[in-house]
Amino acid sequence: MELLVHGVGGSTPEKMLNDPRTVRITGDDTAAVFRRADDVDADTGPDEQRTAPVPEAYVWCNLTSGNGTRALWLLLLPFMVVNLAHWMRPAAHGRVRTVRLYGLLVRLAGLTLTVLLVGAACEVALDLTAWQCAGTPACAERHSWLGFLSPAASDGGWWSRPGRRLALAALLPTALTGLLWYLSHRTWRAYESQEPMDPTAEPEKETGRTALNRPGFWYGRRLVARLRAAHTAAGLLTVAAAVGTAAARFDREPGGPAALDVIGRLLDAALVAGVIVALWVVCRRGRSERRLDREPDERLARLLPLGALALLVLTLVYAGWERPGWTSTGRLQGDMTFGVIALGQGVLVIALAVVAHVLYRALPDRRAAMRGLAGPAVAMLACALGGVMSGGVSQRVSDWLDGTHATIDGPPVLLTWQASVIPVLLLVLLVLCARLGRRAVRLARAEREAVNHDYRVKAEDAAHTRRIARARAMATLTDQGPLVVAVTSAATLLLGAGALVGAFATEATPGGAAAHAYAFVRGAAETAQALGSWLIGLGFILFVTWGRRAYKDPSARRTIGILWDVGTFWPRAAHPFAPPCYAERAVPDLTWRMATWTQTTRGRLVISGHSQGSVLAAAAAWQLPPSVRKRVALLTYGSPIERLYGRWFPAHFGPDALAALHRDVDCWRNLYRLTDPIGGPVRLPGDCGPAVDRTPLKDPMAYGRAPAHPLPAPLLGHSDYQADPAFAEERELLLGRLRPDVPTQRLKACHQDFEQTV
């Protein structure tokens, strides 16, 4: 059998099987295996009647795409990015405690992102709307829907008391926290609740080369449930702290109500206890990958969020109690809150970088991105994305409520400083892009001679040569990803530190801090502040619309789909509110199908994967029992398994892991093009490399018109590998190797292409 797995952008079973009549063999509407209608009963007939292997298509595109509402998952992008940082640690054998410390630091960084998101919702609902705008007559008059909350408009109505306004506004961040809990729980049941195969029937010796062959790798039920409870509790406690702190500050003033002061202190003690419990849950051991962890800690998963919710309800009742003489002036304590979060995130990222460097030095890998510092850099980007989204929403809501009337104080000063450094960051990225563009132009000029040599051009078409050379040069920009991430994260860390120092040192916005400076400095500060405010709001809107277009437009999805598919490939090990992991459904699907088919038919199969499908194929092969794995051959094309996964996730797709996979399966062949921006060679060390990687396929297949190509051949890039005759050749070699009646061909098939090339 030949099992086909499609890649980025998805496909249809009719296109994959090249037949308009297909039948679903097994699966559901989310992911399924299809055959041609004529091959439905191929396994039950006599073997003598078979003239060719049976093709099957595994279609999993509905796991990552669907209707336009799934673009809202992009709002969870910071959570997905910090979850990626967990899997980007350097490879390290025997450093168990250091690896656990790395995972702990990433989980703590993820927890700060949850607090940051809920804190931003509290800033919008509690501070800007209920505290500042509703408490200012001029602002409340411009928004009639705030009339019942305004003391002036409602003539001192019941809801106009500051504590009751805050209690009512707290429903928004509470609902947001509940929505995150619901999405995490629902998506886990829909995507990640599929159990992998039971490994007890054929245990495998732990080699330590990769964790992808461990039985519990694709089933993190217990950890996700525990983290979901802790993050939900942290979100509810954040809302309780925002409401209770404002009321307690008034109660502790001289002459304040003594009874309420005592109640407030008791609630503060309960709040601290809740925070300690949530931190303890996050800091407990991480994933249990060596076994299927079927115990979800139901009591903890239920009681911790309910306890935090009960404390929040008590805090709302406490804040809504009658307090004569209490008025809302100035801001709530947002500056201190966001400042502590930003400082904590910076410390965690720096500590994570130190741990990653220690791991990298223990086992250096020259192909690892950023010398093992990719995880800390990506964690820094996750924190920056969270800050940008929080600041953008707060700034836009402030502008909508007050406009240019300056009747309210607006968002915290720190958020304004963070928005003001965005133009500087964009300027740095613009310079970097210009440098990369100049490099691509130079490389395109150098590639012209290589194009003429590869095609043995006699009569050169200058425009056609430039087009091919430009495609090859643009494809190499993918390999500059580590440089872009390194520059962006370093600039973000430095600019964020500067914004934090500026906000706490001046206690004023950049424009206000530079009010008495030179005219040039004052103008630059005011311009950066205004431009940053608009850029952050515009970027947020474009971000959502671009994400929706990516899910509705197949061409746009192919452009950015690989980044999203890489992000949602990994299990939720650091953040439970990240978008769902489709591989926890797809990998067990493929593993079960291959194992049950080989058991039933005693046959052999080729699993053929394109793009991201090749990564799923490799992950499924790792999960197979050793006896089944030896009956499987692997054909990958346009595969990012080394170019992206091997460099960014060296602990799981490093050279040792890929070399072990090559030895474990029957045979592995890989196809790639120089014009492909995603796929590339596997680059196995030693003699394994030529045995896996075929020489680069020509793209286009012909330079000009030829008898085999009477019309101009198109540039294919990452798509249509099956159109190249080399694909059919390699496929036949693998299928011939698997036939038990051709032993000589089986011995030589994997090396035949390399020998012919030499």
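**Aromatic contacts in a predicted model**

R396 lies over the face of W534, 4.4 Å from the ring centre; a charge counts as over a ring if NZ of Lys or CZ of Arg is within 6 Å of the ring centre and within 35 degrees of the ring normal. The model is predicted, with local features requiring pLDDT of at least 70 and side-chain atom pairs counted only at pLDDT 80 or more, while totals for chains, interfaces and linings use all residues. Residues are numbered from 1 along each chain as its sequence is written, and side-chain values use heavy atoms, without hydrogens and water.

**Charge over a ring**
- R673 places its charged end over the ring of Y721, 4.0 Å from the centre.

**Aromatic pairs**
- Rings of Phe, Tyr and Trp (its six-membered ring) pair if their centres lie within 6.5 Å; planes under 30 degrees apart are stacked, over 60 edge-to-face and the rest tilted.
- The count under this rule is 23 aromatic pairs.
- W131 and W326 form a tilted pair, 6.1 Å centre to centre with 55 degrees between the planes.
- W131 is buried at 3% relative accessibility (buried means under 20% relative accessible area, 1.4 Å probe, protein chains only), and W326 is buried at 9%.
- Y455 and Y703 form another tilted pair, at 5.8 Å centre to centre and 50 degrees between the planes.
- Y455, at 11% relative accessibility, is buried, and Y703, at 15%, is buried.

**Aromatic cluster**
- One aromatic cluster is formed by W60, W87, F217, W218, F569, W570, Y582, W622, Y645, F649 and F653.

Definitions and conventions: Buried means under 20% relative accessible area, exposed over 50%, partly exposed in between (1.4 Å probe, protein chains only).
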